[in-house]
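Here is a short briefing for a reader new to this structure. Please look over the sequence and the model first.

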2 protein chains.
Amino acid sequence: MKTTETPLTDLEIARNAAMKPIGEIAEKAGIPEDALEPYGRYKGKIDISRLPQKEEDGKVVLVTAISPTPAGEGKSTVTVGLADAFSRLGEKTMVALREPSLGPVMGLKGGAAGGGYSQVLPMEEINLHFTGDLHAITTANNALSALIDNHLHQGNLLGIDQRRITWKRVLDMNDRALRRVTVGLGGPSGGIPREDGFDITVASEIMAIFCLAKSLDDLKERLSRIVIGYTFTREPVTVRDLGAEGALTLLLRDAFKPNLVQTIGGTPALIHGGPFANIAHGCNSLIATKTAKKLADIVVTEAGFGADLGAEKFMNIKARQGDFRPDAAVIVATVRALKMHGGAAKADLSTPDKEAVERGLPNLSRHIDTIRAFGIEPVIALNRFTADTQEELSVVLDWCRENEVSAAVADVWAEGGKGGEDVARLVLGKIREGNAFHQLYDEFDTFEQKVNSIVRKVYGGDGVLFTDKALKQLQDIEKRGWDILPVCMAKTQYSLTDDPGILGRPEGFKITVRELIPKLGAGFIVCLTGDIMTMPGLPKKPAAMNMDIDRDGHAVGLM
Amino acid sequence: MKTTETPLTDLEIARNAAMKPIGEIAEKAGIPEDALEPYGRYKGKIDISRLPQKEEDGKVVLVTAISPTPAGEGKSTVTVGLADAFSRLGEKTMVALREPSLGPVMGLKGGAAGGGYSQVLPMEEINLHFTGDLHAITTANNALSALIDNHLHQGNLLGIDQRRITWKRVLDMNDRALRRVTVGLGGPSGGIPREDGFDITVASEIMAIFCLAKSLDDLKERLSRIVIGYTFTREPVTVRDLGAEGALTLLLRDAFKPNLVQTIGGTPALIHGGPFANIAHGCNSLIATKTAKKLADIVVTEAGFGADLGAEKFMNIKARQGDFRPDAAVIVATVRALKMHGGAAKADLSTPDKEAVERGLPNLSRHIDTIRAFGIEPVIALNRFTADTQEELSVVLDWCRENEVSAAVADVWAEGGKGGEDVARLVLGKIREGNAFHQLYDEFDTFEQKVNSIVRKVYGGDGVLFTDKALKQLQDIEKRGWDILPVCMAKTQYSLTDDPGILGRPEGFKITVRELIPKLGAGFIVCLTGDIMTMPGLPKKPAAMNMDIDRDGHAVGLM
């Protein structure tokens, strides 16, 4: 637990940490010298074709969380700290994380490199352009848009209906003014006018493809299957029809190599890919997870938002498409977030209130049931914040003991890997015990069965309603045989329902599916529920306003 | 000269070339190990604060050209080949080039890494994302746009007139549909609707600033001076008013370090920055040129388009702001391009026609006069193409001899540095002789005097006409005292006039200035003449359609 009066910022802690040259980290991870392509002194890309074959694949530990609240749950911090804890316990460990998006970095939330003494390094570079992967994805996405508009302009041989182009442009930016735009203005030399919009790069289908592709060939094949819109006769138009898959693959070739960095504790970390967990599946790249499994005995990874979104998609989409199984699952909970689920206001979170904690426990219990529904017995990591009281922490630990759930405090923000050892020991026990992992639905289930499985077994709801629009789209999807794909739910992360205002563990609700979006390249059908934000806006005082360089060229104001 | 029946492509030649590890190239260049930040095996960024101080700065050789034609003049190829020639002659040499833009790479023109046996390597990576500098510039530019639109949305404290925002968004893409757009649509959550447009990244003022800044501090100071538009009371609004210069500088910090690569001949090459030569000044970064001067005895560099644009701006803008002087200038000419200036059709360029070559010589002679106007005696590099006949080459060489101009054939495409030795020897002679370099105008000349100097002494025209709009803008510029800045002419590259159809050496014409754009960050006033393209479009068959990866993951279809 942190005790200093004026705490260091994450950026200061990161800068004070002694980093090892990336060659040493690679050596520690068992990556041969000729497989490492250094990017600066402390980052590298891995040529996976040059990796040695290990006899037994490493075990995958998924870190997920209760429903997120504005209080913050610190899932990335726990993921990093837990990996360092395994390393301290003598396990050959790697951590596999998502790449931060510049949108939130410049906006409000800050980066995604962990916090306190559980961070990945070099924090400044990871949170800024890193090795350029997101820029490559932005470029590939927008090259496709340019080729589509050029196709319209040059005679439109394919007969693409400019009113039915579903492919949008992207920027790695929080920029609400780009949500809805008109392009092609200014007369004939400006192309064909039409409505368009920009998503944030992490919401691009190319990001989802990047994170689910098994190889460069699979990447190309998936890119070619992207549906960019429909013809005047309502037939889908794909990237293959445009002949653009070769160029897009070439633009992504180097980015597709996993990135190696290190944690503050010196554990090798792969940070690669980062799709939104609302519109997409919210996990780092499959290629990085598989690479980590080949190199390490324990692979700690996380999935976006709460277990209802990230973990569900990790198991039903990523593990299915990647043909692997998670060996353990950790649910991160905090006293602060449980208080909010128990009705406390954000302003009151530092006031001790064990009754509010107790009232919030049903949210945790719902996510425990979810992980159990997949045949895995979870471990609870109670992520300690400085203002937590022992009484409040005990409320959670006692409840877990009474309900026969393994739980321990994680004090990784203040103590790094040392503070995660209790949780790590519990996880090692679960790995030894094994589990009965299974997906919640079969690919041959009907589409409605798939969605219903998720709503009932994960959200704890009573079923699903399709709007007329969604039903019509479903008929089209079934007609084309696309309903064999898994479901990617696009739902608010703040609630188990489709209404972000309903916290805790609601019951007796139905989920309304408003729209279905086939993502044939990613290999899933997106189910839109509620209002899903695919291009965030900047707040009144963007984080960018505090950013600067100091006299030595170091970053100032990164979070 | 090339003689094989089925010539290798530039991409095949590049792939077959044996590259040295970037550490060896750095050592050869005199860059200490701790100043090199490797990016992959064959690219690196240089921390210039760790470079040794050399007693005498290197000599700068500027490579420029006659007015470009669709025949191609091969200026980058000659620049690279000439650098390898100096290396072969025992000179400690570096070449300083611009970074290619992905727009032309995906579009029509291909990359900008030279050609044949005079290329910079690794060609594939240089032509694709390289070290991400252009992506960083794109991001900084669009972060500023997002902050502007966010300012409007959050109450518009500065009173920015959304009809008078001059700052545009950018993408590193050829995408005509983005030239004119409307943003901020979709109701209150989408911000304030307004007209906007996208330029290609290389046309961004941030690219120009990046290429003229002397240090990271100067970069920040220049960024803060950018005028993004005007208030409702017609006062300029700057980046400093928005408080965004710190964030923009941080986004550019790593990109600002010069990139080190190598030529096929093993000469160290700095490739850094690449502003458009029409809307901006068309030279690689000042920081790279200065770094090369510190490291090498001979620095070969180029400026975009013909001597009327690139060389004029190199001397009047870059050399002025960078406080250095060019020591020699090479004008690249080709038989093919001279034929086009002499009236030959593009389809007939492979047919021997020495009369057409002769009729095209006045264009060369105009550019010779231009270089002489700056007090430098140029060397002509006659860049050999396979179809050129000896008679045609002799027309040019004989004319040069008669007019006392130093000239030699450069056969660098086929022979690499060896083919450039004759030109290199002539250049060494000029460097030994010294020159009387001076700028064409003084900063205290009136704005009209500055433009007139360029029109008369560089274009060979009779003077300048300002439209009423431009005159009104000029009054405003003079009122604010901005007319102390140098002029950046935005003119078609195909003609010495403002009409792209008039080739050769026209006389008795005037240049019409339609619009003035103050670029206070870059430190020049853009003079728009004719229609200047700041966002290119894709052709009917974009180069992207031929791009792919082969079974080994190598690039296919890059030019």
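Predicted model: local features only at pLDDT ≥ 70, side-chain atom pairs only at ≥ 80, totals over all residues.

Residues are numbered from 1 along each chain as its sequence is written, chains are lettered from A in the order in which they are written, and side-chain values use heavy atoms, without hydrogens and water.

**Domains of chain A**

- The assignment gives domain 1 (10-130 + 255-433), domain 2 (133-250) and domain 3 (447-529); such bounds come from an automatic or database domain assignment.
- The centres of domain 1 and domain 3 of chain A, taken over C-alpha atoms, are 27 Å apart.

**Domain 1 against domain 3 in chain A**

- In chain A, 27 residues of domain 1 are in contact with 25 residues of domain 3 (contact means heavy atoms within 4.5 Å).
- The two domains of chain A bury about 2000 Å² between them, and carbon and sulfur atoms give 60% of this. Buried area is the accessible area (1.4 Å probe) that two parts lose on being put together, summed over both.
- On the domain 1 side, A:Ile279, A:Asp308 and A:Arg366 lose the most area to domain 3 of chain A, together 28% of what that side buries.
- The rule finds 2 salt bridges across this interface of domain 1 and domain 3 of chain A. A salt bridge is a side-chain nitrogen of Lys or Arg within 4 Å of a carboxyl oxygen of Asp or Glu.
- A:Arg505 and A:Asp369 meet in a salt bridge, at 2.8 Å from N to O.

**Chain A against chain B**

- 72 residues of chain A are in contact with 72 residues of chain B.
- About 5900 Å² is buried between chain A and chain B, with 61% from carbon and sulfur atoms.
- A:Arg176, A:Leu250 and A:Ile549 supply 10% of the area that chain A buries against chain B, more than any other three residues.
- There are 6 salt bridges between chain A and chain B.
- A:Lys220 forms a salt bridge with B:Asp548, and their closest N and O atoms are 2.9 Å apart.
- By class, the side of chain A that touches chain B has 34 nonpolar, 20 polar and 18 charged residues. Ala, Val, Leu, Ile, Met, Phe, Trp, Tyr, Cys and Pro count as nonpolar, Asp, Glu, Lys and Arg as charged, and the others, Gly among them, as polar.

**Symmetry**

- A rotation of 180 degrees with 0.0 Å of shift along its axis superposes chain A on chain B, with RMSD 0.0 Å. Copies are superposed by least squares on the C-alpha atoms of residues with pLDDT of at least 70 in both.
- The two copies are therefore related as by a two-fold rotation axis.
- In chain A, the C-alpha nearest the axis belongs to A:Tyr39, 2.0 Å from it.
- The copies meet through the same surface, because 100% of the interface residues of chain A are also interface residues in chain B.
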